Amino acid sequence: MADDSIAVVDLDRCQPDRCNYECAKYCPPNRTGKDCIVTRGDHYEEDEPYEGDPDQIRISEEICLGETCGICVEKCPFDAIEIINLPTELDEDPVHRYGENAFALYGLPVPDAGTVTGILGPNGIGKSTAVHILADELVPNLGNYGDEPGWEPVLDRYRGSGLQNYIEALLDDEVTVARKPQYVDQIPKQFDGKTNELLAATDERGVLDELVDRLGIRPVIDQPIDTLSGGELQRVALAATLARDRDFYFLDEITPYLDIGQRVTAARLIQELAETEDRAILVVEHDLAILDLLADSLHIGYGRPGAFGVITDPKSVRNGINEYLKGYLTNENMRIRPDAITFEEHAPRETTKSAPLVEYPSLEKSYGEGEFSLGVEGGTIYHSEVLGIVGPNGIGKSTLAKLFAGELEPDTGELDFRLDIAYKPQYIEIDQPMRVDAFLSSITSDFGSSLWKTEIAGPLQLERIMEQNLSDLSGGERQRVAIAATLSEDADLYVLDEPSAHLDVEQRVRATTAIRRYAENHDATVMVIDHDIYMIDLLADRLMVFDGEPAVEGHAETPQEMREGMNDFLSDLDITFRRDERTGRPRINKPDSQLDRKQKKAGEYYYAP
């Protein structure tokens, strides 16, 4: 194989006990007597360590004919093999490779004191590997996975670059690291005490009280960790990380489960730490509006998830996001996606109302004296529309869904209907020991049909995880399965609570496509509760705005057209948006900037018309 190609074998998918080694039997070099594809047990010496089982295959990259052949890829019944031609622009060896026929990472981000560095790219592209390297938890092997790795060759590789000073400090043990995990819902499995007990051990900078107040977690400070919601866990994790006194902070997805006001607060806290304390901060984030507001520079990650990843040199944030959306990286002369992600045709979308699904009166619901109460203005919901729902956490959005479903009775107002509702909750619990395909086939008789594959499985990229167990899925994979399960039900109304959580940018666009296509093709009505303005911008026909005081009282307005609704919503947050003149994407205006003041004066918080 040419030096610019790699072979990857997914050992989690390679199942030699369920196949006849079609990959080896049909491999052209094998058929000429060469050992291109052999079992690992036959290739390695008895006492030689290697990854995987003896009966699983290994592919010789020296003998393989490359992607132009690809016969083994086509013959493998489990999609366990990838033969990939690497971009010709990659003129050096990988920074790290996990082993033979395993994932390879090219390039590293550059942490810089006093700045926030962002990374934008698909899941499975090596962002976590890069952070493990920068935290000195993984010594990179420069692709020589059979040799003992060491830092000195890495320093020689990056001498004269922006990484030289950082690596030298790392070698001198002068770098300390604080990390916020990606999946905050796993925290209760690792810590079983109270919130204040977890936070008390982190206050190395003496700023914990300020962080607790600004992040709004004072009400849960004395509660057990396992009673907190996802949004509360996210803010506790942020406080615990930012309170530490470290040289390098790594924050893996700061926005899941947070409403937009909380996201902006978190972004400002991170910026202040970088600027006032001269700390290096690296943020992985898929909410483009927050990443745009937060970061000083941006690295793009691209490649083939699970196979290889490339981290580019730093770019300006605006150009980096625009190039990523366009699918073409200018400096690298690299097309990373066949089609651009565009926003020009979207909100405020001109809506054409179909027949009403339901007309509902004004409602009131209270959970008791001194408990949360919700007031709902009467309105109409239409067939085939996607209704976006926005507002702070704890404001009553789930209560409204339960009223429509008949699970709760209103105290004031009468509902003379009971809708069958398919509901995807905010927090996904699907840990039963069942395969994905078995789980989905138990929900719908259409499972596996060409229409179901076209409308649901294809856009949500489920094919490669169908044979995995639900309990083994990542957060993003669980989210996609949960969306598919919800859309596969037979219902009057589909309610999706934060479908963007843990999905990367491209997965969010694909999920948006699946949701809109399903609504249009099946005369279905969908309510989407989400805090990602990009996803709401791409998805919603109209908007229902919730306001009030979280956990105390909420108020749901009558559904409105997008511009009117977004103006109401953003004015409460004192935030204005503009559209990027190149891509049409939403961008948050800097507070008190000339454009921010101009739009507020005109009452146009959601783009100037």
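How many cavities of 30 Å³ or more does a search of the whole structure find? The search finds six. The model is predicted, so local features are reported only at pLDDT of at least 70 and side-chain atom pairs only at pLDDT 80 or more, while totals for chains, interfaces and linings use all residues. Residue numbers run from 1 along each chain as its sequence is written, and side-chain values rest on heavy atoms, with hydrogens and water left out.

## Cavities and pockets

Both kinds of space are found on a 1 Å grid over the protein atoms alone: a cavity is a set of points where a 1.4 Å probe fits but cannot get out, whereas a pocket is an open set with protein on both sides within 12 Å along at least five of seven lines. Lining residues have an atom within 4 Å of a point. Grid points are joined across faces, edges and corners, and a volume is the space filled by probe spheres set on the points.

The largest cavity holds about 110 Å³ of space. Its lining has 13 residues, and V505, R508, V509, Y534 and L538 are the closest to its centre. The elements that give two or more residues to this lining are α19 and α20 (533-539); helices (H or I, at least four residues) and strands (E, at least two) are DSSP runs, numbered from the N terminus. The largest share, four residues, comes from α19.

By class, the lining of the largest cavity has nine nonpolar, two polar and two charged residues. In this scheme Ala, Val, Leu, Ile, Met, Phe, Trp, Tyr, Cys and Pro are nonpolar, Asp, Glu, Lys and Arg are charged, and the others, Gly among them, are polar. The largest cavity lies between domain 2 (106-335) and domain 3 (361-557), because both give residues to its lining. The domain bounds come from an automatic or database domain assignment.

The second largest pocket has a volume of about 950 Å³. Of the 44 residues that line this pocket, P392, N393, G394, I395 and P550 lie nearest its centre. At least two lining residues come from each of α10 (208-214), α11 (230-242), α12 (260-277), α15 (397-405), β23 (542-549) and α21 (562-573). The lining of the second largest pocket divides into 17 nonpolar, 15 polar and twelve charged residues. Domain 2 and domain 3 both contribute to the lining of this pocket, so the pocket lies between them.

## Helix α19

Helix α19 covers residues 505-521. The expected span of a helix is 1.5 Å times one less than its number of residues. For the 17 residues of α19 this gives 24 Å, which agrees with the 24 Å between its end C-alpha atoms.

The buried residues of α19 are V505, Q507, R508, A511, T512, A514, I515, R516, Y518 and A519. Buried means under 20% relative accessible area, exposed over 50%, and partly exposed in between (1.4 Å probe, protein chains only). At the start of the helix, a side-chain oxygen of D504 comes within 3.1 Å of the backbone nitrogen of E506. Just after α19, D523 has a positive phi of about 50°.

## Positive phi in loops

L142 also has a positive phi, near 55°, and is a residue other than glycine. L142 sits in the loop between α5 (127-134) and α6 (151-158), and its relative accessibility of 13% makes it buried. The loop between β18 (379-382) and β19 (386-390) holds S384, whose phi is near 65°. At 23% relative accessibility, S384 counts as partly exposed.

## Separation along the chain and in space

The table lists C-alpha separations for selected residue pairs.

| Pair | Apart along the chain | C-alpha to C-alpha |
|---|---|---|
| D292 and C36 | 256 residues | 47 Å |
| I529 and V110 | 419 residues | 36 Å |
| G146 and Y98 | 48 residues | 9.7 Å |
| V95 and I443 | 348 residues | 44 Å |

D292 lies in helix α13 (residues 288-294) and is buried at 11% relative accessibility. I529 belongs to strand β22 (residues 525-529) and is buried, with a relative accessible area of 3%. V95, in the loop between β4 (81-85) and β5 (96-97), is buried at 0%. G146 is in the loop between α5 and α6 and counts as exposed, at 70% relative accessibility.

Technical notes: A polar contact is a pair of N or O atoms within 3.5 Å; within protein, one must be able to donate a hydrogen and the other to accept it, and residues adjacent in sequence count only if both atoms are side-chain atoms.
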